[in-house]
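Dear colleague,

Please find below the structure that I promised to pass on, followed by an account of what came out of it. I would be grateful if you read the notes with the structure open beside them.

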Amino acid sequence: MERIQRPRGTYDVTPQEAPRWQALEARIRDVAARFGFGELRTPVIEARELFQRTVGETTDIVQKEMYVLTPPGSDRQLVLRPEGTAAAVRAYLENGLHNGPQPVKLFYIQPMFRHERPQAGRYRQHVQFGVEIFGAGEATADAEIIALAVTLFAELGLEGLEVHLNSIGCPVCRPRYRQALLEYYRPRAAELCSDCRARLETNPLRLLDCKVPADQPHKAGAPRTVDYLCDACRDHFDQLQAALAALGIAYRLDSGLVRGLDYYTRTVFEIKYGGLGAQDTVCGGGRYDGLIELLGGPPTPGVGFGMGLERLLLTLEALGRVPGAARPLHAFVAVTGQVPRARVLALVQDLRRAGLAVDMDHVGRSLKAQLRAAARLPVRYAVILGDEEWAAGQATVRHLESGAQRRVALAELAAALREEAGSPAGEGGADGDGHGSGHGKGHGQGRAEVEAE
Ligand SMILES: [Zn+2]
Ligand SMILES: [Zn+2]
C-alpha cells in the first residue's frame, strides 16, 4: 500500500522531540505568569472577514496565504487562523473582557496557518507565542512586552540580541508621511521591483519592507517616519525609549522598520539575533490602537508581539542550548516465566498511582530482549519478575547503569524505587509503604544474577 505523507510545509513532533517543546512552553508560561499575563486559547478556524478587515486586503496574508474553508451546506467562509492578534481581539470582545478591569493582558501559544512557499525554518503550520495588552495606551505597556521577550530570551540562554525600534505614527500624522513617501518614490517607480510598483498604489508604507537588493539604495534615502510624527506620537516614542533605558534594555532606532500589517500604529519593534551569521528576527510586534474599534469594540489601545517557536528552537539548537530532556522512567518491569501478566500490570498500576513512572513488557519477549529494550530507554531500574520472585512475593531490582541488583518485597517496591532513584516524584502519592525501610545501601545483596534464559 502506498503510504500517505503529511502535507508539505508541516512537521511532526515525535516523543524524542517533544521534551524540548514542553520545556520551551513551560518556560514561556512561567515568564508570562510572572509578567501577569493570562493564557488565551481560541479556535483554529475563524471567520474569513476577521482577517480581511484587520490584517488588510492588500497584504500577502489575505491575498494569497490563507487556507480558506467552505463548510458543507454553508456559504460563510472560514479560514485557518493565519495570525493571532485579530483572533485575540475578537475573543476579548466576544467574551466581554472589555467590560472588566483594564488593561487585559493575554498570551497564547497556538498554531498559525499560512500557505507560503515552504523553506528552511518556515512552515505552513507554525506555532506562535504571542502576547497582547488591551486597554493600556501608555508607553510603559510597550516597554513591558519588550522586557518580557528580552527576559524570556535571557532565561533560555540566548544572548547578543538586538532590539530594533521605530514609530510609524498614527492616523493623525501618517497621511503626511505617506504623501512624502509617494513624492519620493513616484519618480523612481520605473527602477523599482514589480512588488514595490504595486505597493506604491496600494500600501506605500510597505515599500520599506522590500528585501530586493536593487531596491535597497532607494530605501536608504527614503523619508523616515520619525521625522513626521505628531506631538502625541513623538511624546509616546520618547517615553518608550526612557522606559527601556530605565529597564536597562539596549535598543537601536531603525527607520526602515515598518512591519507588514496594516493595523500597526506608533511603536513597531523587532528583536533580532545575529549570533549565527545572518541576522534573524526572533520576535516582532507593535502597537495597534485602532484595531479593537475596527472590530466593533469601543476605542481601546492595544500592543503585542508574536514569536515563532520553530525558529527559536532552531536558534537554540544551533547554540547547543536545547531546552528540556525526556523525563526518565523510574523502572521498566521485565516479566518472564509463568508470572501472570495481568497481575503484573496491576502491580505496575499501583506503582504509577504511587507517583512513579513505570513501563512494562506487553509482547512476551525473552528476558534478555526485555532488558535490552529497557537499556535503550531513559530508565534507571529494571524490575525483574520471574517465577521464583513471584512465588516469594518479591522482585529483583537492577540498577541498569551499574548492574547492581537486589531482592525487594513487592509491597516495598514503590518505596524502594522512589528512595533509590532519589526522586521527589510522587509527593502525596504514598501508598502506605512510607520511608525508612533501610534499602538505600543494599546494592548487590540478594541474588547476584538473573539468568537470561
Ligand atoms: Zn501621530
Ligand atoms: Zn522592491
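**What was found**

Arg266 has its place in strand β9 (residues 265-273), where strands (E, at least two residues) and helices (H or I, at least four) are DSSP runs numbered from the N terminus. Although Arg266 is not a glycine, its phi is positive, at about 55°.

Before going further, please note that this is a predicted model, in which local features need pLDDT of at least 70 and side-chain atom pairs count only at pLDDT 80 or more, while totals for chains, interfaces and linings use all residues. Residues are numbered from 1 along each chain as its sequence is written, chains are lettered from A and ligands numbered from 1 in the order in which they are written, and side-chain values use heavy atoms, with hydrogens and water left out.

The chain is divided into domain 1 (18-173 + 229-318) and domain 2 (329-421), with bounds that come from an automatic or database domain assignment, and the C-alpha centres of the two domains lie 49 Å apart.

The zinc ion (ligand 1) is coordinated by Cys170 (SG), Cys173 (SG), Cys230 (SG) and Cys233 (SG), at 2.2 to 2.4 Å; donors here are N, O and S atoms within 2.8 Å of the metal (3.2 Å for Na, K and Ca), and water is not among the atoms, so sites may look incomplete. In sequence these donor residues are spaced C-x2-C-x56-C-x2-C, and distant parts of the chain are linked, since Cys170 sits in the loop between β7 (161-167) and α6 (174-185) and Cys233 in helix α9 (residues 231-247), 63 residues apart. With angles of 99 to 115° among its 4 donor atoms, the site of ligand 1 is tetrahedral (four donors, all angles between 85 and 135 degrees).

The zinc ion (ligand 2) is instead held by Cys193 (SG), Cys196 (SG), Cys210 (SG) and Asp215 (OD), at 2.0 to 2.3 Å, and the donors follow the spacing C-x2-C-x13-C-x4-D along the chain. The site of ligand 2 is tetrahedral, with angles of 101 to 121° among its 4 donor atoms.

Finally, the peptide bond from Gln102 to Pro103 is cis, with omega near -5°, and Pro103 is found in the loop between α4 (85-94) and β5 (104-113).

With kind regards

Note on methods. Four donors count as tetrahedral if all angles lie between 85 and 135 degrees; four count as square planar and six as octahedral if opposite donors are over 155 degrees apart and all others between 65 and 115; anything else is irregular.
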